[in-house]
Amino acid sequence: GRASNEAAFLYQLFVRAFGTNNFPDCSNMCHEASGVALGQSVGVGKGTVTFDDFEHADAIFVFGQNPGTNHPRMLEPLREAVKRGAQVVAFNPLKERGLERFQHPQHALEMLTNGSEPLNTAFFRPALGGDMAAVRGMAKFLLQWEREAQAKGEPAVFDHAFIAEHTHGVEAYLAELDATAWDAIERQSGLSLTEIETAATMYRRAERVIMCWAMGLTQHRHSVPTLQEVVNLQLLRGNIGRPGAGLCPVRGHSNVQGDRTMGINDRPPAALLDALEKRFAFQVPRHNGHNTVEAINAMLEGKARVFIGLGGNFAQATPDSPRTHRALASCALTVHISTKLNRSHLTCGEDALILPCLGRTDVDRQAGGPQAVTVEDSFSMLHASYGQLEPLSTQMRSEPAIIAGMAKATLGNRPVDWDALIADYDRIRELIADTISGFAGFNQRVKHPGGFYLGNAARERRWNTASGLANFSAAPLPEDLLPEQVRRTGQRPDLILQTLRSHDQYNTTIYGLDDRYRGVRGQREVVFANEADIRRLGFEPGQKVDMVSLWDDGVERRVSGFTLLAFDVPEGQAAAYYPETNPLVPLESHGEGSFTPTSKFVAVRLENARDDGRIF
Ligand SMILES: Nc1nc2c(c(=O)[nH]1)N[C@H]1C(S)=C(S)[C@@H](COP(=O)(O)OP(=O)(O)OC[C@H]3O[C@@H](n4cnc5c(=O)[nH]c(N)nc54)[C@H](O)[C@@H]3O)O[C@H]1N2
Ligand SMILES: Nc1nc2c(c(=O)[nH]1)N[C@H]1C(S)=C(S)[C@@H](COP(=O)(O)OP(=O)(O)OC[C@H]3O[C@@H](n4cnc5c(=O)[nH]c(N)nc54)[C@H](O)[C@@H]3O)O[C@H]1N2
Ligand SMILES: [Mo]
């Protein structure tokens, strides 16, 4: 997720020339559902807004995201929005500090800007996985109001011109809204109909709405239909492809989006493969490759014998940790190209290499002089940067140089002269310009101060979908949020656990043991739970417990010695930190159509802590 565009492009060229599309990637565990859902619904798997849109929005909805810790630069635009009277509406079971702050503005003025309305912010606390039902409920209210408006001859609630000109499938969707019962919506969302009506009112009265989301929406079994429901709601009022309105999946790693654009994709689009084949003299593999979950299975089954990690901490970030460690250890060769030592380096195949590489901030000197690399941000802006720091060692190489070296040793000077590309990265960017859509004139355009905008067809209301239109999706709500594999065991979970980040970590890199906004000091092996639940289950706050997850395969998945913290968590839910809780997530528990591990929905049982400490 952090590899530059240049490194990513060379990597996919090397791997495809070798003959596979096996690109398990951090986006498989992150925003994959966003890519799949938006691709089907609006024809581009990326956000449709730019930074400027935040200044023009009348309402910004923030679903399943903790910006105070994970996207602190977003707080300022949100604050500014509240200040000028726009609405900021959060959906999050936890009252995350960065979001809650908007509920209690420090200046009385901020509270009064929205005319006679006392508050222009709201906080809704859904059940884990309950957002699809909540958004469906909002759409159902809009439909009711639309019908009432029609009956009374009042102005329409829907944007009929937009729906007629730009969308497909509205009738089926409205029929699905009618078919969805209010009590199912209430039960599954974990919200009252009054709360959903309030949210729908806030949505309706805003002329321009941005919908933001992060892992709270993407790491569920039904994440793809959940995100498509968010799109449905936006389509009803034409909130895509207008200034101040649109869709905003808030990303993780600095170049996770660019890496995908460059072709790090286990399900590559045919257009990309065609372009590669046309430009380079080799037959590209056309079969799908392995995503993260499939890659772990392939290693376990002995079908994949070599693991190469371009960054990341595969052993820790992935689900079902003991199994994943076994998968890596069964390889003939494991290779890690890394800026920092991590746990994955100790999970070795028969042969194991650690190749330390330069970071983005290090000066990268090649035969043609110091080199710049480029990244793409969440708003599809392309930027170039030169490293400024002297590398720690003269023996470290850049990511592109390491990849080119491996490629040359494996394939010889095929399909390109690898050394020549490394001498001057402009030559890599020329190949990108030749093969990746939207990159014509890359070398010239990226010299522009501030970079350049890659463009986004959906933002211009051009829909690269099969129907040529923006598609309403008429998926039913899941019958039950609890997966079949848990129901089959006949056991009721004590709690539904979500795994999340503390303030002192960046994914698997733990900087400290504090979580300042949640008031945790000096510890990470904790479970946040509602005090009523803690007592109902026969425990006391502060007591240590084991968590065992429920699944139907007879495998015991357990973490030990976690301290119960009484916290403001909705009843029935719990939260604990990732990656320590990854042993609890079954490899088979993943999103339908996205394969993303269900890190935000793990059915668990609590037991008295075993005194043998951690088993893993
Ligand atoms: N400091 C720091 N910054 C980071 C990272 C980091 O580790 N540390 N990681 C980066 C990466 S790769 C990513 S992907 C992003 C992640 O950014 P986030 O998605 O903000 O990260 P999480 O900690 O997983 O938080 C998920 C949030 O969703 C809420 N949530 C969980 N389940 C549900 C649900 O079912 N419905 C709703 N509505 N909400 C739910 C949780 O309460 C929590 O607030 O952050 C990036 N930025
Ligand atoms: N249970 C649970 N599991 C999750 C999640 C969750 O919320 N819950 N979140 C998921 C998400 S959103 C993500 S994105 C993944 C993250 O999964 P990963 O991307 O695998 O994890 P990171 O901890 O970000 O990887 C950090 C390592 O990358 C290397 N590195 C850092 N910068 C560079 C660089 O510039 N170049 C190179 N070559 N190496 C570098 C360093 O060696 C560092 O140790 O985890 C996923 N796993
Ligand atoms: Mo991520």
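1. Let's start with valine 62, which is found in strand E1 (residues 59-63). Strands here are DSSP runs of type E with at least two residues, helices are H or I runs of at least four, and both are numbered from the N terminus. Valine 62 counts as buried because its relative accessible area is 0%. Buried means under 20% relative accessible area, exposed means over 50%, and partly exposed is in between, using a 1.4 Å probe and the protein chains only. The C-alpha atom of valine 62 lies 4.8 Å from that of cysteine 212, although the two are 150 residues apart along the chain.

2. A word on what you are looking at. This is a predicted model, where local features need pLDDT of at least 70 and side-chain atom pairs count only at pLDDT 80 or more, while totals for chains, interfaces and linings use all residues. Residues are numbered from 1 along each chain as its sequence is written, chains are lettered from A and ligands numbered from 1 in the order in which they are written, and side-chain values use heavy atoms, with hydrogens and water left out.

3. Now to ligand 1. Which residues come nearest to ligand 1? Of the 29 around it, they are Asn92, Glu96, Asp131, Gln505 and Asn507. To be near, a residue needs one of its heavy atoms within 4 Å of the molecule or strand in question. By type, this shell holds ten nonpolar, 15 polar and four charged residues. The classes are simple: Ala, Val, Leu, Ile, Met, Phe, Trp, Tyr, Cys and Pro are nonpolar, Asp, Glu, Lys and Arg are charged, and the others, Gly among them, are polar.

4. Check the backbone around ligand 1 too. A polar backbone atom of asparagine 66 is 2.8 Å from an oxygen atom of ligand 1. Backbone N or O atoms also lie by nitrogen atoms of ligand 1: 2.9 Å away for phenylalanine 91 and 3.2 Å for threonine 69. These are polar contacts, that is, pairs of N or O atoms within 3.5 Å; within protein, one must be able to donate a hydrogen and the other to accept it, and residues adjacent in sequence count only if both atoms are side-chain atoms. On its own ligand 1 exposes 920 Å², and the protein buries 96% of that. Such areas come from the Shrake-Rupley method with a 1.4 Å probe, and for residues only the protein chains shown count as cover.

5. Ligand 2 has 27 residues around it, and the closest are Ala317, Lys340, Glu399, Thr508 and Tyr578. Its shell divides into nine nonpolar, 13 polar and five charged residues. Alanine 317 uses a backbone N or O atom instead, 2.7 Å from a nitrogen atom of ligand 2. Of the 930 Å² of accessible area that ligand 2 has on its own, the protein covers 95%.

6. Aspartate 533 is found in helix H25 (residues 531-536) and is buried, at 2% relative accessible area. A polar atom of its side chain lies 2.6 Å from the backbone nitrogen of glycine 572.

7. Have a look at two prolines. How are arginine 414 and proline 415 joined? By a cis peptide bond, with omega about -10 degrees; proline 415 is in the loop between helix H20 (399-411) and helix H21 (418-423). Another cis peptide bond joins tyrosine 578 and proline 579, with omega about 5 degrees. Proline 579 is in the loop between strand E22 (573-577) and strand E23 (602-608).

8. Finally, two backbone angles to check. Aspartate 320 is not a glycine, but has a positive phi of about 55 degrees. It is in the loop between helix H18 (314-317) and helix H19 (321-329), and is buried at 3% relative accessible area. Serine 380 has a positive phi too, near 60 degrees, and is in the loop between strand E12 (372-376) and strand E13 (381-386). Is serine 380 buried or exposed? It counts as buried because its relative accessibility is 1%.
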